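I opened the notebook to look up domains, an interface, a helix and some salt bridges. The entries follow in that order.

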Amino acid sequence: MMNMLSINIFQTWLEQTHGIWYVLVLAGIAAIYLGFFAVAGLMLVYLERRVAGYFQLRLGPNRVGPWGLLQTIADALKLVSKEIFVPKMADKLLYKAGYYIVIIAALLALAVIPFARQIQALDFNVGLFFISAVSSVGVLGILIGAWGSRNKYSLIGAMRSGLQMISYELSAGFAIIAVVLMSGTLKMTGIVEAQKHTWFLFQGHLPAIIAFMIFLISGTAETNRVPFDLVEGESELGAGFHTEYSGMGFAFFFLAEFINMFIIAALGATLFLGGWLAPFGITDGLPAQWLWGIIWFLLKVFVLIFLLMWFRWTFPRIRIDQLLTLEWKYLLPIGLVNTVIMAWMVWKDWLIHLG
Amino acid sequence: MTYFGKIFYGIKTLWTGMKVTGGYFFPNITRKKYVITRQYPDEPAVVFPRFKGEVVMWHNENNEHRCTGCQACEIACPNGSIEIIWKREVDPETGKKKKMLDQHIYHLSMCTMCSLCIQACPTNAIMWSTNFHNATYDRGLLTKVLNKPGSKLMAGVEE
């Protein structure tokens, strides 16, 4: 299937631009990732609506196809067939660039996530740093898309999004640093291999659990999901930054939002829950290790996504001052102290190593 | 409340909320059936008895109604959904001419379900039906004649 594409291949491809096989391999990988992007996005939308239904004593979509599985595909077809409306006074270039930047940021972050051993588009030594850098580029797309659509509601929503992203990046970073202190590397595969015997969530016991909670909270905030959905805030802002978008423009924002949720969950699974590793190594001796890796990885990601959905359909939206209080007065100081404690623990080797 | 007290209180209250919705999501654990959606075209719709679907006129098995044609409902109706066409005919018992109901016309398309006609009716001739299958392809079908053809006044209503 997909071979690991190291940074060297990319370099040589750039040097010898006529290497047709490199182009083909890259195109194939890009096609696989785009396909994954579309399918995972649609399935997550379906899952979200279905889970929301059960949380609210409803059934959710259950008419189109078996168990309503084709519902989101029908929705996507409807959105494709709709007119892409551009407001008269909009800045057309920025308006159209907005969703491309959001999607490219989501896809770039997807590139370094390891689905299984060697099933990863790009495994380079600063993978985690790359993810945290690229995931904050997405907010740029939101900002310029909202600025370009020349709508007050869009702009207010996008400003809130920027504010939220700047605030919560910090505590997400501290949660990631706590893991990096244990693993000693920023390489994604290295982080997973370091959890060979014990997942980081248990290896670092109390500080790791606190870091995990901080990571989940700030991850929810970074994906602009309830209870941090001030960006969209239906009751205040219409639809927030995508008020003026219709058809596929809206669909791209929507898909990117769900892919971002997948990325946060995948990052949480990789950093804290051992990525593709089986719990207690129960499937280690079996054939087709890459398949088992993908299965375990997606299972862990699904658990975290379900947790995020549980948050979404339980908690009410918080005010902007409560949002900032939570970040600057609670998460950030706790994250700082937590990082110091984690560094102390790693220095004294108070980590739990099973096996 | 102290700084850490607030944190633990916050976690506690969030967990309380998550327990409630979690109980909805995992009905097997809580051993209750929670999904209350009734899938209407497949399952029969259950309408509560006081549901205001449309105004109907009650007829007994001899095709007799209780409407005397007094027009109280027509006057009570705030937007003219009810029109009474009445006639003067000879009452066979007394031999005198008497005001009688010819057609009780009800425009469902205009009705706001305010119930004023039913409260105004002195003889309880009209009442609410729980029928809600009122959609038609022709607006004219929503204008209904409530008294059935050939029906007449039930004896003893006017006393």
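Into which domains is chain B divided? I found domain 1 (1-36) and domain 2 (54-153) in chain B; the bounds come from an automatic or database domain assignment. Their centres, taken over C-alpha atoms, are 54 Å apart.

**Ground rules.** I am working with a predicted model, where local features need pLDDT of at least 70, side-chain atom pairs count only at pLDDT 80 or more, and totals for chains, interfaces and linings use all residues. Residues are numbered from 1 along each chain as its sequence is written, chains are lettered from A and ligands numbered from 1 in the order in which they are written, and side-chain values use heavy atoms, with hydrogens and water left out.

**Interface.** I looked up the contacts (heavy atoms within 4.5 Å). On chain B, 18 residues touch 20 residues of chain A. The buried area is about 1,800 Å², with 73% from carbon and sulfur atoms. That area is the accessible area (1.4 Å probe) that two parts lose on being put together, summed over both. B:Y3, B:M18 and B:F25 supply 34% of what chain B buries against chain A, more than any other three residues.

I then looked for salt bridges, meaning a side-chain nitrogen of Lys or Arg within 4 Å of a carboxyl oxygen of Asp or Glu. The interface has 1. B:D42 pairs with A:R63, with the closest N and O atoms 3.2 Å apart.

**Helix α6 of chain A.** Is this helix enclosed or open? I counted 8 of its 11 residues (138-148) as buried, so the helix is largely enclosed by the rest of the structure. Buried means under 20% relative accessible area, exposed over 50%, partly exposed in between (1.4 Å probe, protein chains only). Helices are DSSP runs (H or I, at least four residues), numbered from the N terminus. The buried residues include A:V139, A:I142 and A:I144. Among the covering elements are α4 (92-111) and α7 (152-183) of chain A. After the helix comes A:R150, with a positive phi near 50°.

**Salt bridges elsewhere.** A:D75 and A:R49 meet at 2.9 Å, N to O. This pair links helix α3 (residues 71-81) to helix α2 (residues 20-55) of chain A, 26 residues apart.

I also checked A:R317 and A:D229, whose closest N and O atoms are 2.8 Å apart. Both lie in loops of chain A, so the pair ties together parts 88 residues apart in sequence. A:R317 is partly exposed at 27%, while A:D229 is buried at 5%. Shared partners join A:R160, A:D229, A:E236 and A:R317 into one network.

Definitions and conventions. Helix = DSSP H or I, 4+ residues; strand = E, 2+ residues; numbered from the N terminus.
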